[in-house]
Amino acid sequence: MPTGKCPICYIGELGPVQRVNRDAPNLGPRVTIVDNTGKRLARLGGLCAGLGVDQFMAPHGLCVDSRGDIYVGEVSWTQWPQLFPNDPMPENLRSLRKFRKVS
């Protein structure tokens with residue numbers, strides 16, 4: 001990654017649901033934050049999709065505001081039937097989350 005004004009990169013990783021990445025090891029759903037050398041600085045989420053506070057369904061879009069808070073949009077409504085085909089879709093399925101930066 002090039003050095004410059006934005007030396008931090010935020011990567012939204014889809015989990016191994018799609019046919020192309022189904023057999024990929026150690027893959028999201030999560031958000032990984034790396035510096036301009038590729039060194040991992042932080043990771044939000046894990047290896048298992050879900051509705052827990054430390055889980056994502058399918059992070060798809062994200063932005064960072066001037067305070068460093070992270071907003072993550074998810075394609076939860078589309079991914080739910082693929083991830084949990086035998087479970088009814090929850091009424092309050094989230095599609096946007098905010099993570100406040102702590103120093």
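## A core, a pocket and the whole fold

In this predicted model, the largest nonpolar core is built from six residues: Val31, Ile33, Phe56, Ile70, Val72 and Phe99. Two elements, strand 2 (30-35) and strand 5 (70-74), each supply at least two residues of this core.

Let's zoom in on one core member. Which residues does valine 31 touch, if you skip those up to four places away in sequence? Its partners are Ile11, Gly12, Ala42, Arg43, Leu44, Phe56, Pro59, Leu62 and Val72. Two of these, Phe56 and Val72, are also on the list of core residues.

Lining it are Ile8, Tyr10, Ile33, Leu41, Ala42, Leu44, Gly68, Ile70, Phe99, Arg100 and Lys101. Strand 1 (8-13) and strand 3 (40-45) are the elements that give two or more residues to this lining, and strand 3 gives the most, with three. Sorted by class, the lining has eight nonpolar residues, one polar residue and two charged ones.

Zooming out, the protein has six strands and one helix. Starting at the N terminus, the order is β-β-β-β-β-α-β. Here are some values for the protein overall:

| Property of the protein | Value |
|---|---|
| Span of the C-alpha trace along its principal axes | about 45 × 30 × 20 Å |
| Buried share of the 103 residues | 33% |
| Accessible surface | about 6800 Å² |
| Part of that surface belonging to carbon and sulfur atoms | 56% |

And how do contacts reach along the chain? Take those between residues at least 6 apart in sequence: 40% of them join residues at least 24 apart.

Definitions and conventions. Residues numbered from 1 in each chain as written. Predicted model: local features only at pLDDT ≥ 70, side-chain atom pairs only at ≥ 80, totals over all residues. Heavy atoms only, no water. 1 Å grid on protein atoms, 1.4 Å probe; cavity = no way out; pocket = protein on both sides within 12 Å on 5 of 7 lines; lining within 4 Å. Helix = DSSP H or I, 4+ residues; strand = E, 2+ residues; numbered from the N terminus. Nonpolar A, V, L, I, M, F, W, Y, C, P; charged D, E, K, R; others polar. Core = buried A, V, L, I, M, F, W, Y, C linked by side-chain atoms within 4.5 Å. Buried < 20%, exposed > 50% of the residue type's maximum accessible area, 1.4 Å probe, protein only. Contact = heavy atoms within 4.5 Å. Areas by Shrake-Rupley, 256 points an atom, 1.4 Å probe, with all protein chains shown as cover.
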